[in-house]
There are 4 protein chains.
Amino acid sequence: MSSVYGKNIKVSIFGQSHSAGIGVVIDGIPAGEKFDEEKIRKFCARRAPGSNSLGTPRKEADEFEVLSGVTNSKFCGAPFAAVIKNTNVKPGDYSEFSDKPRPGHADYTANIKYNGASDFSGGGHFSGRLTAPLCIAGSVFAGLLEEKGIYIGSHHEKIGGVSDKRFDPAKVTKADFDSLYRGELTVIDKAQHDKMADVIKACAADGDSVGGVIECAVTGLPAGIGEPMFDGLENRIAQAVFAVPGVKGIEFGAGFAAAEMRGSENNDPFIIEDSKIKTQTNNHGGILGGISSGMPLIFRAAMKPTPSIFKEQKTVSISKNEQCTLSIKGRHDPCIAVRALACIESAAAIAVYDALLDYYKTNR
Amino acid sequence: MSSVYGKNIKVSIFGQSHSAGIGVVIDGIPAGEKFDEEKIRKFCARRAPGSNSLGTPRKEADEFEVLSGVTNSKFCGAPFAAVIKNTNVKPGDYSEFSDKPRPGHADYTANIKYNGASDFSGGGHFSGRLTAPLCIAGSVFAGLLEEKGIYIGSHHEKIGGVSDKRFDPAKVTKADFDSLYRGELTVIDKAQHDKMADVIKACAADGDSVGGVIECAVTGLPAGIGEPMFDGLENRIAQAVFAVPGVKGIEFGAGFAAAEMRGSENNDPFIIEDSKIKTQTNNHGGILGGISSGMPLIFRAAMKPTPSIFKEQKTVSISKNEQCTLSIKGRHDPCIAVRALACIESAAAIAVYDALLDYYKTNR
Amino acid sequence: MSSVYGKNIKVSIFGQSHSAGIGVVIDGIPAGEKFDEEKIRKFCARRAPGSNSLGTPRKEADEFEVLSGVTNSKFCGAPFAAVIKNTNVKPGDYSEFSDKPRPGHADYTANIKYNGASDFSGGGHFSGRLTAPLCIAGSVFAGLLEEKGIYIGSHHEKIGGVSDKRFDPAKVTKADFDSLYRGELTVIDKAQHDKMADVIKACAADGDSVGGVIECAVTGLPAGIGEPMFDGLENRIAQAVFAVPGVKGIEFGAGFAAAEMRGSENNDPFIIEDSKIKTQTNNHGGILGGISSGMPLIFRAAMKPTPSIFKEQKTVSISKNEQCTLSIKGRHDPCIAVRALACIESAAAIAVYDALLDYYKTNR
Amino acid sequence: MSSVYGKNIKVSIFGQSHSAGIGVVIDGIPAGEKFDEEKIRKFCARRAPGSNSLGTPRKEADEFEVLSGVTNSKFCGAPFAAVIKNTNVKPGDYSEFSDKPRPGHADYTANIKYNGASDFSGGGHFSGRLTAPLCIAGSVFAGLLEEKGIYIGSHHEKIGGVSDKRFDPAKVTKADFDSLYRGELTVIDKAQHDKMADVIKACAADGDSVGGVIECAVTGLPAGIGEPMFDGLENRIAQAVFAVPGVKGIEFGAGFAAAEMRGSENNDPFIIEDSKIKTQTNNHGGILGGISSGMPLIFRAAMKPTPSIFKEQKTVSISKNEQCTLSIKGRHDPCIAVRALACIESAAAIAVYDALLDYYKTNR
């Protein structure tokens, strides 16, 4: 049941990198909500390969077909199902990895878990390609959230050693999302864009790759969303965000920096502004006790460097039980963080919407 | 359903800080497994208040009573239920916080979420006291894991600005847990112990508090545990760990540092050692594609400083809609990370055991 | 996870017949709802042993203690936990059944399932006693439903071969529940009461037992509650009702009789009455496509005769692998249907409330 | 989340009668199990319209395409997804039912639930057509069960007033399934076949329809499968079987007849036969305390007559709030029980397999 997310909604993602198709089934979208296919396509295009000079030259149109759940341009209450057919498939590239697992990939762990029966082609079920249906789901829920005045935005907070500015945690609004500089990377501080891009190009030139950090904010979220203990906003968002391949860490608000702070620094004083209760600072990242405070929700996700690099690497031959080397060929992004913004936002949208439904159950 | 964890096991935690009792119900423990009450008491004692000079002087024996699930010192298949009666309760300390929310606490968010009906006494449902039943559950599952040769250990990797050594990610074993220096804090490098303790004492002397980072390792976990996408080990552990009050970040393996690495640095080469497949380094923290690799599972959780500090703080009066100040009295730990090791280990034990059962379903 | 029910609420029941205590934890009760302890006690008293001359002479006060979830006589958002201590325990009665399973009981199946580690005393986890916490949960949810004008009632539709009248499926209201004849049994047609009681007494005199059918109605349920496919009202109610020990069948509306009807008989014509859309008849039992129609919800549950009879029975000795006989002693109801009305209503209340929350999620 | 079934497996069904496609996603199939496409097609053909002279003349090939989850003719661990494109669609037939709900159908209840946004064409999400993906899932799990020696069979126990013999509950084996007479209906007693068929033909000639009862048996199921309380075999099977449109009742073993029995009749004595523990009779239908006893699992499902009949019926116009009449045209089965055997078997297969995985978790 690893590919189903949600307590109130159910998002079921299926597919392998090179299977006949990949897709998503979503149960629990309120009937009567508008289905805006064009908006979904635009959202998903941000993730699609081939659209970014810093990414893989592999082109995947990622054209999805809606199979069910929509009538007269509205969600109709039946589960929403959308499928992307896999067309640009090169299965030949991956045959050796079932025996010689690629470092940093799931080849070895999947091999053990699935008793040798897993699909290695293109990374199979573990491929970043599975984030395409995640983004379909994410854009659906992001759209539903927007109708409630809740917006999600993200930027490349770090690529390798180059850092962007951060969102102002206590002030960030949708306007800040609209004014992001959207080049090959998406940044607040345009001056960092080319430095980041240069890092990626340098890595690519070396047949190497590099990691990054994505900062994501959710604005307009009312106070009271999320549950204590296991279903808090942090728990839910973390569960969803770690579904994006390559994420190795997440922090909310001040995050790891809070560990070095004193309470008098980290505590965010409550204030009244425009007759509303807010906090003066936002080290809590909009979440206290698992529940939204009405302040912007802020988190950062650390993404490791693309494991597929073109440098020769050390690995083993499982069949021969001996050491060997491996040279990966093919078309791989030098930095998976580049195209991952839409994926991280999708994870956040799905998690926040699911939490919102919990709120609806008990607050009428 | 915020207080129920697990897909295969169900851990239901209940109670408020000052309600008649707190406790836990666990469904899904295999019948016939030994129930070692003494071991559970020892585990839970690590978390109990009053036992550590760096913690609150408040004493809570945390004596639990087993109501069901055990027959003849064995788990019998029926749900295991254990209750801790609340005896050392001082409800008077908290009355004003329903109107004047404490910065950094869930007073305000709970008030909104529960429409003013929540129990503020002692932090109610949001109290760190609820980690006592979490530790009962954690020790049960840690015990079941130990019988399979899987061990969990943790230490204070950072308190304020003072850092301990880290576990050697590629080599850590149970022996390293056994040789931890266990004073008021638990560290690898005894030389850091007093420095950390001094930081905490200094904060306490100022009526202030401080945060910390806990590093946790799981050794002996075979390869193949965990699921791709939403139920990977990272997703599951994160969902559980964020249930511990005060956790604001989690990272696996190299974590946020991986974001600054190149792939050629971060990728862990596969090697053969003693005829077994391992990785030479362990930046992946024992998890690839959400699935255990057989290497030690390593994660770090960032804990914020205790929000209850004795310095005067700025807050608002909800009823008067005006700014005011607040002085918190009572008995509070100056550093919640001090007693949190058992909680973090518990979250890990529950999550890992739940994942192990997924493995059992499909691998026989 | 066998003892946890609900998609939106979570009802966790624990305990064995003779463990230190039994109880229930409920997560998901809306904060601010009134907690009416007296009403719950009255509801549960209908099920309690010792109160009915047709039942066991065993007396169990079934006094529960609330451990958490309530503040100032209101549900406070934290999980509600209630415990009944087991006091009137006679463990000696059951020792032989681990080797000589009682026909019709779960002794044998539990023995296999739990590898010999299950608690046989008093039927352990399989005891009808576990319906006491079910009734606590049921009365909580029945109370929440009543505040919305939704009422649940039931009667003994059949005991052995004696039949009561049935509810008028198209007309039944709360007033019909209020006018039920409540003697040792609960019936519509008082004339059948003594005939039914005589059947039970005759069986008891023979050291035998007898089965029965309980008819249950839910009135005031608005149209639109329930989900298609797996989470329809029929699915949910059935899942809950089969948790009551001894239930072997359930039917909704015309039920099995519909199988012998023609469509023109079974279809319920839509009509307008007092400007509202209703159906003229109610063979559909208030459910179409899994969703409530606004007509009374009607179902019947068949309960087998109490398996514990005092006649000598044929069984086997597992240890000796040979045929033997068994004579059950102790205090057993001659008809479990007698005290089961509150249990069946509880199952219905829990299931309907859980479905109602699904409705709230998507209809605001 | 109405269209997702399972605690260990996750079966997600999607589609409307006339949407672009319908299908199923299954998570949790053990990797390495053989994928036998031909067997699945044969199983599904039993349900497909157009193949039976007693059914609708509408032909639907129900050709499914596998999108994911299979590699080299084996399940590969990734979710299995299969899609049936809808080709033989006549949307014009249903337009008026959004205003004039068909008696016995979900038109009215879906209209309320989905705020007028539901898809009425062909019954939308409530169409019997959605049992096609249910049968794909069912045949997958029936295949996995067969490899463990567990077989599922069913027959038409009743059509209108004509009854077939029943399976011998204590003796039925796979051989009895193989020797069923499979004509237009499937019966034990060939002599009843034509009488049943005549009832259906007579109804069809009248523009009417008729109901039936399906008896289903599961043989070879070892003792110990199923959980007490809410996840017993009865609970799980009932939850699945009520997903088949038209089912209004279910009973296990003696079922409703047990309500009229004495305990001494209904209790099944344990015996030793071929050194194995069995019961002499099987009124318990192979389930005691929710757990399999090792005896054949037996249940019967009551199906109402097809609600779509060609006789003029009374209904209302929602828009005009007035009484009116309705004449349904189109292609409808006069008896939905005819083609439902594969659906009921599928529900049983899914439920039993899910329960089996619970057993695997705790018994190794």
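C:Arg262 forms a salt bridge with D:Asp206, in which the closest N and O atoms are 2.6 Å apart; a salt bridge here is a side-chain nitrogen of Lys or Arg within 4 Å of a carboxyl oxygen of Asp or Glu. The model is a predicted one, in which local features need pLDDT of at least 70 and side-chain atom pairs count only at pLDDT 80 or more, while totals for chains, interfaces and linings use all residues. Residues are numbered from 1 along each chain as its sequence is written, chains are lettered from A and ligands numbered from 1 in the order in which they are written, and side-chain values use heavy atoms, with hydrogens and water left out.

Across the interface of chain D and chain C the rule finds 10 salt bridges, together with 49 residue pairs in polar contact, both residues being at pLDDT 80 or more. A polar contact is a pair of N or O atoms within 3.5 Å; within protein, one must be able to donate a hydrogen and the other to accept it, and residues adjacent in sequence count only if both atoms are side-chain atoms. On the side of chain D that touches chain C, strand 13 (residues 247–252) of chain D gives the most, with 6 residues.

The contact takes 107 residues from chain D and 107 residues from chain C, where contact means heavy atoms within 4.5 Å. Between them, chain D and chain C bury about 8500 Å², with 61% of it on carbon and sulfur atoms; buried area is the accessible area (1.4 Å probe) that two parts lose on being put together, summed over both. Within chain D, the residues that lose the most area to chain C are D:Phe230, D:Lys248 and D:Phe270, together 11% of what that side buries.

A rotation of 180 degrees with 0.0 Å of shift along its axis superposes chain D on chain C, with an RMSD of 0.0 Å, and that is the relation of a two-fold axis. Copies are superposed by least squares on the C-alpha atoms of residues with pLDDT of at least 70 in both.

For the interface of chain B and chain A, the contact takes 107 residues from chain B and 107 residues from chain A, and the two chains bury about 8500 Å² between them, 61% of it on carbon and sulfur atoms. In chain B, B:Phe230, B:Lys248 and B:Phe270 lose the most area to chain A, together 11% of what that side buries. The rule finds 10 salt bridges across this interface of chain B and chain A; A:Lys248 forms a salt bridge with B:Glu234, the closest N and O atoms being 2.8 Å apart. Because 100% of the interface residues of chain B are also interface residues in chain A, the copies meet through the same surface.

Within chain A, an open sheet of 5 strands has the order 1-2-3-7-4, with antiparallel pairing. Its edge strands are strand 1 (4–5) and strand 4 (64–68), each of which pairs on one side only. Helices (H or I, at least four residues) and strands (E, at least two) are DSSP runs, numbered from the N terminus, and two strands pair if DSSP finds at least two bridges between them. Strand 3 (residues 21–27) and strand 7 (residues 80–85) of chain A run antiparallel and are joined by 6 bridges, and A:Ile22 stands opposite A:Ile84 in strand 7.
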